[in-house]
Amino acid sequence: MPSEITVPALGESIVEATVGRWLKKPGDAVVQGDALVELETDKVNLEVQAQESGVLSEVRKAEGETVTIGEVLGILSEGAAPAAAAPAPATVEPAPAAAPAVPQPAAAPAPVPAPAAAAEEAGGPTSPEVRRLAQDLQVDLAHLPGSGPRGRVTREDVVSFARAQRPPAAAPTAPPAAPRPVAAPAVPASLPDFDEGGRREERVHMSRRRQTIAKRLVEAQHQAAMLTTFNEVDLSAVMAVRKERKDAFKEKHGVSLGLMSFFTKAALSALKAYPRLNAEIQGDDMVLKRYYDIGIAVSTGEGLVVPVVRDADRLTFAGVEQAIAALAEKARTGALTLDDLRGGTFTITNGGVFGSLLSTPILNAPQVGILGMHGIVERPIAVRGEVVIRPMMYIALSYDHRIVDGSESVRFLRHIKECLEDPMQLLIEG
């Protein structure tokens, strides 16, 4: 009996998705547990798996369509994939005339996989968005080297390769007397081109995740009374501890002793001292969180994601570094789950890795506080009446003024500054 392939529950607060790519085509045999189709949601990409074995007999939702929970994506029928017919013998003996055979309906031809889909296994890892672009531009990912981390193929790789394959424009010449019709190379209309002034435009549809990021960032600024306060930190003591302990730390724990563990520990200390920064607003109530799930903003090829380090206050420095390293790796490889992104009570974002000197981070709603880190720059500062050169960093705290007072935000940021300038205090606090 045929069974329906439906959109499963997508996770907390997610009610719809976009069909990313079918991994099976009509007529393919399917084994229970096989991945059938990719779905793109606001947060992560999911694979819908076959609940039983059979044959994919019908696809009802095409790539790019928006679907909701419970909608039918396709039909799975009983049986196995049809075996290929045996070749007819070269010669046969004449046989007595027989009644004409009843014509059988021709099997619907299965769609030919696009180059990007057919070559996925052979090519470098990439995202569904980039695979769709490669399919549109007829780029074979199997032979395309990636310039991203771990050889990941990026959007720029695909566009550059497609542009390089375009035939050069021929110089104007007199038309031949009898031109012979020649099929023009198939170059999709979406490929970037140049106008007479040498300017280029490219229209790219935003992914569902990018649309969601844009919507939530605007909502955060419209719905919260967001303000930002700044301070600067002398990181001499932190740098000294890292230099002294980095080799032994990595040998013992298998991860580097980075800045993020110090900033996470300092933020935890400040959140315990100023609990309204670890809260959210629900109606006319303030919900003060007595647990500490710290979101760490990570930039990926498909946009910013904020995986969460659960119960960060219960982790050692090594535990924090290991948790952040594991989440960052999952973000880079597209392996984050909905649970990795769920919740969060406070967020830390580091624009310094991209060279930012100063910025105003936007709140990650419904949270009411976010700490922004920036680049470390050696600058002259006055210390006890003398000018010295120190590794300095500007830090920023954006907060929701509806429940966090200005003086409270300033003291919160100063608390972080004091913890980082005396890291032994963090070690004592555990």
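Trainee: Over how many bridges do strand E4 and E5 pair?

Mentor: Good place to start! This is a predicted model, where local features need pLDDT of at least 70, side-chain atom pairs count only at pLDDT 80 or more, and totals for chains, interfaces and linings use all residues. Residues are numbered from 1 along each chain as its sequence is written, and side-chain values use heavy atoms, with hydrogens and water left out. Strands (E, at least two residues) and helices (H or I, at least four) are DSSP runs numbered from the N terminus, and two strands pair if DSSP finds at least two bridges between them. Strand E4 (residues 35–40) and E5 run in the antiparallel sense, and their bridges number five.

Trainee: Which residue in E5 is the bridge partner of Ala 35?

Mentor: Strands of a sheet pair through backbone hydrogen bonds. Ala 35 has its bridge partner in E5, and that partner is Gln 49.

Trainee: How many residues of strand E8 are buried?

Mentor: Buried means under 20% relative accessible area, exposed over 50%, and partly exposed in between, with a 1.4 Å probe and protein chains only. E8 (residues 72–77) is joined antiparallel by four bridges to E1 (residues 3–6), and also by four to E6 (residues 54–59). E8 is mostly covered, and its buried residues number six of six.

Trainee: Is Asp 340 buried or exposed?

Mentor: Asp 340 lies in helix H8 (residues 338–341). Its relative accessibility is 13%, so Asp 340 counts as buried.

Trainee: Which side chain is joined to that of Asp 340 by a polar contact of 2.7 Å?

Mentor: A polar contact is a pair of N or O atoms within 3.5 Å; within protein, one must be able to donate a hydrogen and the other to accept it, and residues adjacent in sequence count only if both atoms are side-chain atoms. Not counting residues up to four places away in sequence, Asp 340 touches several residues, including Val 306, Arg 310 and Leu 327. The polar partner is Lys 330.

Terms used
Contact = heavy atoms within 4.5 Å.
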